[in-house]
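Reader: I'm new to this one. Can you walk me through it?

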Amino acid sequence: MAITTSTRAIVFAITILLVAIQTVHADYYRPRLPTLMSPPPYGAEPKPLPTPSPKPILYHPPPTSHYQPPTGSFEDQFLAPHNSVRTSLGLSPLVWDGRIASYATWWANQRRYDCSLTHSTGPYGENLFWGSGSDWTPTFAVESWTVEAKSYNHMTNSCEGGMCGHYTQIVWRDTKRIGCARVVCENGAGVFITCNYDPPGNYVGENPY
């Protein structure tokens, strides 16, 4: 009986030892889960450019040098010279559109660091202006586009002796809304001004009015 009791004690002790060993080394008997790590922080993804519109020709005004003190509200500095030309032709005046102005501001901010006369190729008609220095006004930018009227031949619907695409967009009969923006570019690169038009104009083979 003593041997049996001793044997049982030994077996019990060995069993306890094996359980203890298995408990200590439990990680060896189950798959180790991969350590979950937070992804590295990323900045906001760049906003994609808008879908190109069917505008056929892109026009770029040459840089000039002139200063004209601004008068009226920011919107009126754009609207007044636009509508002065349109009403002289019996066309309906344009109205300011905040949504289009936001789009123009977005694109102007893209050009803040290079002042490049690059079109946004978005859903609107678009006129661009650049001038060296920092004093250029919205009114002068629009007038630099409207003087192209002297190069536009309405009878042949063509430009003669110079560009006229900025002008034809301004007097496009179907255009109703406008939004514009102005930025002074970094590092003294000049002033960038853009106006967007809805509906867009300058379709090939169509008269503006």
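**A walk through the model**

Reader: Let's start at P199. Where is P199 found?
Author: P199 sits in the segment after strand 6. Strands (E, at least two residues) and helices (H or I, at least four) are DSSP runs, numbered from the N terminus.

Reader: What kind of model is this, and how are residues numbered?
Author: This is a predicted model: local features need pLDDT of at least 70, side-chain atom pairs count only at pLDDT 80 or more, and totals for chains, interfaces and linings use all residues. Residues are numbered from 1 along each chain as its sequence is written, and side-chain values use heavy atoms, with hydrogens and water left out.

Reader: Back to P199. Is the peptide bond from D198 to P199 cis or trans?
Author: The D198 to P199 bond is cis, with omega near -10°. In general, most peptide bonds are trans, and most residues other than glycine have a negative phi.

Reader: Which residues other than glycine have a positive phi here?
Author: T121 is one, with phi near 50°. T121 lies in the loop between helix 3 (98–110) and strand 2. N202 is another, with phi near 60°. N202 is in the segment after strand 6.

Reader: N202, buried or exposed?
Author: N202 is buried, at 15% relative accessible area. T121 is partly exposed at 32%. Buried means under 20% relative accessible area, exposed means over 50%, and partly exposed is in between (1.4 Å probe, protein chains only).

Reader: New topic. What's the strand order in the sheet?
Author: The order is 1-5-6-2, in an open sheet of 4 strands with mixed pairing. Strand 1 and strand 2 (125–131) are the edge strands, each pairing on one side only. Two strands pair if DSSP finds at least two bridges between them.

Reader: How many bridges join strand 5 to strand 6?
Author: There are 8, and strands 5 and 6 run antiparallel. For example, V183 has F192 in strand 6 as its bridge partner.

Reader: And strand 2 to strand 6?
Author: Those two are joined by 7 bridges and also run antiparallel. N127 has C195 in strand 6 as its bridge partner.

Reader: How many residues of strand 2 are buried?
Author: Strand 2 has 7 of its 7 residues buried. G125, N127, F129 and G131 point one way, while E126, L128 and W130 point the other.

Reader: Which helices lie across the sheet strands?
Author: Helix 2 lies across strands 1, 5 and 6, at about 125° to strand 5. Helix 4 (residues 138–146) lies across strands 2, 5 and 6, at about 115° to strand 2. Axes are lines fitted to C-alpha atoms, for helices over the stretch in contact, and angles run from 0 to 180 degrees between N-to-C directions. Contact means heavy atoms within 4.5 Å.

Reader: Tell me about helix 2. Which residues are buried?
Author: Q77, F78, L79, P81, H82, N83, V85 and R86 are buried in helix 2. The cover over them includes strand 1, helix 4, helix 5 (165–170), strand 5 and strand 6. After helix 2 comes G90, with a positive phi near 75°.

Reader: Which residues form an aromatic cluster?
Author: Y103, W106, W107 and Y124 form one cluster.

Reader: Last thing. How many salt bridges?
Author: The whole structure has 2. A salt bridge is a side-chain nitrogen of Lys or Arg within 4 Å of a carboxyl oxygen of Asp or Glu. D114 and R111 meet in one, at 2.7 Å, N to O. R111 is buried at 12%, whereas D114 is partly exposed at 39%.

Reader: And which side chain does D198 meet in a salt bridge?
Author: D198 meets R177, at 2.9 Å, N to O. R177 lies in strand 5 (residues 177–184) and D198 in strand 6 (residues 191–198), so this pair ties together parts 21 residues apart in sequence. D198 is buried at 14%, and R177 is partly exposed at 28%.

Technical notes
Rings of Phe, Tyr and Trp (its six-membered ring) pair if their centres lie within 6.5 Å; planes under 30 degrees apart count as stacked, over 60 as edge-to-face and the rest as tilted.
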